Amino acid sequence: MTGSSKIVIVRKTVPGTWGIHKLAALVKDNFAIEPGDELGVVFATHNYKRLKVVSVDATGVELRIRMLNKGLFRTFVLNDDENAEKNDSLTPLPLSAAELKRLLFDGTVEGDYQFPLSEAY
């Protein structure tokens, strides 16, 4: 992904067994992608222990998987009733490159860090 890529989080979790073909099809079916667009879509697995980032650009599709040594990707965990519908939808939430970096290293996007070492990155 480049600096001009659009990056979004999808709150609906996906099975950990889904690979590049299934996730790429999900992205293709649910997002309008024009030729030349660059899009990064971030999914979490059902147990919130892994992130799967699907990157789509003019040359193809890429899948990256990130696991934390401990902790969860807390950004995806919305437990209140107000956000219950968002948790089970494919409605994308925009994300900046800096927020994606923090999410990949710490599992959070805002608030306190889970791991003090993450702040150094």
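How many of the 121 residues of the chain count as buried? The share is 36%, and since this is a predicted model, that figure, like the others below, is computed from predicted coordinates. Let's walk through the chain together, starting with its layout.

The chain has 3 helices and 5 strands. Read from the N terminus on, these elements follow the order β-α-β-β-β-α-β-α. If you take the contacts between residues at least 6 apart in sequence, 59% of them join residues at least 24 apart.

Is Lys52 buried or exposed? Lys52 counts as buried because its relative accessibility is 3%, under the 20% cut-off. Despite being buried, Lys52 has no salt bridge. The nearest side chain of opposite charge belongs to Glu62, and that is 14 Å away, whereas a salt bridge calls for a nitrogen and a carboxyl oxygen within 4 Å.

What does the side chain of Lys52 reach instead? It reaches the backbone oxygen of Gly16, at 2.8 Å. Gly16 is also one of the residues that Lys52 touches when those up to four places away in sequence are not counted. The list includes Pro15, Thr17 and Trp18, then Leu23, and also Val41, Val42, Phe43 and Thr45. Leu63, Arg64 and Ile65 are touched by Lys52 as well. For a sense of how the chain comes back on itself here, consider Lys52 and Thr13: they are 39 residues apart in sequence, and their C-alpha atoms are 10.0 Å apart in space.

Lys22 lies over the face of Trp18, at 5.0 Å from the ring centre. As for ring-to-ring pairing, a search of the whole structure finds 0 aromatic pairs.

Let's return to Glu62 and Arg64. Side chains of opposite charge can pair when their charged atoms come close. Glu62 and Arg64 form a salt bridge, with the closest N and O atoms 2.7 Å apart, and the structure holds 1 salt bridge. How accessible are the two partners? Glu62 is partly exposed, with a relative accessible area of 34%, and Arg64 is partly exposed too, at 45%.

Two further stops complete the tour. Tyr48 sits in the loop between strand S2 (39-44) and S3. Most residues other than glycine have a negative phi. Tyr48, however, has a phi near 60°, a positive value in a residue other than glycine.

Finally, look at Ala98 in helix H3, which covers residues 97-106. Ala98 counts as exposed because its relative accessibility is 58%, and the cut-off for exposed is over 50%. Ala98 and Val109 are 11 residues apart along the chain, with 8.9 Å separating their C-alpha atoms.

Notes:
Residues are numbered from 1 along each chain as its sequence is written. This is a predicted model: local features need pLDDT of at least 70, side-chain atom pairs count only at pLDDT 80 or more; totals for chains, interfaces and linings use all residues. Side-chain values use heavy atoms; hydrogens and water are left out. Rings of Phe, Tyr and Trp (its six-membered ring) pair if their centres lie within 6.5 Å; planes under 30 degrees apart count as stacked, over 60 as edge-to-face and the rest as tilted. A charge sits over a ring if NZ of Lys or CZ of Arg is within 6 Å of the ring centre and within 35 degrees of the ring normal. Buried means under 20% relative accessible area, exposed over 50%, partly exposed in between (1.4 Å probe, protein chains only). Lys and Arg count as positive and Asp and Glu as negative; His and the chain ends are not counted. A polar contact is a pair of N or O atoms within 3.5 Å; within protein, one must be able to donate a hydrogen and the other to accept it, and residues adjacent in sequence count only if both atoms are side-chain atoms. Contact means heavy atoms within 4.5 Å. Helices (H or I, at least four residues) and strands (E, at least two) are DSSP runs, numbered from the N terminus.
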